[in-house]
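Colleague: I would like to learn how to read a model of this kind, one feature at a time. Could you give me the general idea first and then the case at hand?

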Amino acid sequence: MNDMLLAGDDRAILGFAGRLNFRTKLVRPGFIRLSGVSSKGFPTGLAAMAEESAVDVLLLPPDLSLRRFRVACFDMDSTLIESECIDEMAAFAGAGERISRITRRAMEGLIPFDESLRQRVAALAGSSAEIVTHAVERAVPTPGALDFVDFLTRHGLATYIITGGFEEIATHVARRFGMTGVVCNRLVLEDGRLTGGVRGPAGGKILDADGKRRALEVLAQVNGASLSETIAGGDGANDLQMIAATGLRLRLPRQARRHEGGPEGRSLRRLLGPQALLPRSLGMTPLSSRTEKTERPQKNPPAGAFSQT
């Protein structure tokens, strides 16, 4: 059996819970946790009911706890920060509309990410490195993201940015968030200007969907973790492989529904936050969680909706 987490306006979630025949496990401002839900998935008609009631719904294992996890990896653009950095750079360089169209197609999975990245960076050839500084200045954290990453860090998780974006920006964001490190692509600059070239991590292959998943695997091993002990989140089609490999999968609502069907694709914006349960926080959608259990010591067991112990 699963638990069900409801998030939203207090009156709305109370009314919604009253229409369901499940036991109430926990009630706090902005959310209710129910128990005794079938492990086969969302009950018939639940998604439509939730949409109608403006309530966010998540099924999760009853024993889900942060004590299971050691590593958390996140995309950067439109995930930890609100902007798409290359679009910000393009707008500053006067190529905004053209590059935004390519970005949208790439994030929807309509063209391969590495191909789209080369096209977009090539369109910026000759631009001053000032456009990178502009993108850094526009890198505003997503509401709740700083608190969420801090929450994970305080409970012992190593936190990383894995992004198809650029080192010059990602390192700045990682420092601001107090994260462990970054894996990302690099712009090629000469004499203070973009050449139109881009390289992958350490000068290698461009970090694409497969590269993100492999980076997650390596970072897990470096931190002595299995994949079931990792968390990953992102908003684009090139994040899906990385997200699918983890023990707790977080997806932003921007991803096209054709990649993931069903109620799991809803925008569960209120289900994560500083206590892994607070409403109106980081706009991520927990898709699912594996239930493998691991035995390992934990000096500071976390509290909150993820842990019922």
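Colleague: Which residue stands opposite Ala 7 in S3?

Modeller: This is a predicted model, in which local features need pLDDT of at least 70 and side-chain atom pairs count only at pLDDT 80 or more, while totals for chains, interfaces and linings use all residues. Residues are numbered from 1 along each chain as its sequence is written, and side-chain values use heavy atoms, with hydrogens and water left out. Helices (H or I, at least four residues) and strands (E, at least two) are DSSP runs numbered from the N terminus, and two strands pair if DSSP finds at least two bridges between them. In this case Ala 7 stands opposite Phe 31 in S3, and strand S1 (residues 2-7) pairs with strand S3 (residues 31-37) in the antiparallel sense over 6 bridges. S1 also pairs in the antiparallel sense with strand S4 (residues 56-60), over 5 bridges, and there the bridge partner of Leu 6 is Val 57.

Colleague: Which way do the residues of S1 point, and are they buried or exposed?

Modeller: In a regular strand the side chains alternate between the two faces of the sheet. Here Asn 2, Met 4 and Leu 6 point one way from S1, Asp 3, Leu 5 and Ala 7 point the other way, and all are buried. Buried means under 20% relative accessible area, exposed means over 50%, and partly exposed lies in between, with a 1.4 Å probe and protein chains only. S1 is largely enclosed by the rest of the structure, because 6 of its 6 residues are buried.

Colleague: How much confidence does the predictor have in the chain, as a mean pLDDT?

Modeller: The predictor's confidence in each residue is given as pLDDT, from 0 to 100. The mean for the chain is 79, and 80% of its residues reach 70 or more. Over residues 254-309 pLDDT stays under 50, although the model has 179 contacts beyond four places in sequence for them, a contact being heavy atoms within 4.5 Å. The chain has 10 helices and 11 strands, and of its 309 residues 55% count as buried.

Colleague: What do S6, helix H8 and S7 make together?

Modeller: A crossover is called right-handed if, with the strands pointing away from the viewer, the path from the first strand over the helix to the second runs clockwise. S6, helix H8 (residues 167-177) and S7 make a right-handed β-α-β unit, and the two strands, S6 (residues 158-166) and S7 (residues 181-190), pair in the parallel sense over 4 bridges. Phe 166 has Asn 185 in S7 as its bridge partner.

Colleague: Which residues does Phe 166 touch, not counting those up to four places away in sequence?

Modeller: They are Ile 86, Met 89, Leu 117, Val 121, Cys 184, Asn 185, Arg 186, Leu 187 and Val 198. A nonpolar core is a set of buried Ala, Val, Leu, Ile, Met, Phe, Trp, Tyr and Cys residues joined through side-chain atoms within 4.5 Å. In the largest such core, which has 51 residues, Phe 166 is one of those that touch the most other members, together with Met 89, Leu 152, Ile 169 and Ile 231.

Colleague: What is the phi of Asp 191, and where is Asp 191 found?

Modeller: Most residues other than glycine have a negative phi, and most peptide bonds are trans. Asp 191 has a positive phi of about 55° although it is not a glycine, and it is found in the loop between S7 and S8. These two strands form a hairpin with 2 residues between them; S7 and strand S8 (residues 193-199) run antiparallel and are joined by 4 bridges, with Leu 189 opposite Leu 194 in S8. Asp 191 is exposed, with a relative accessible area of 83%. Ala 54, in the loop between helix H2 (46-53) and S4, also has a positive phi, near 55°, but at 49% relative accessibility Ala 54 counts as partly exposed.

Colleague: Which residues of H3 are buried?

Modeller: An α-helix has 3.6 residues a turn, so residues three or four places apart point the same way. In H3 the buried residues are Cys 85, Ile 86, Asp 87, Glu 88, Met 89 and Ala 90. Glu 88 has a relative accessible area of 16%, and, leaving aside its neighbours within four places in sequence, Glu 88 is in contact with Ser 83, His 134, Ala 135 and Arg 138. Just after H3, Gly 94 takes a positive phi of about 85°.
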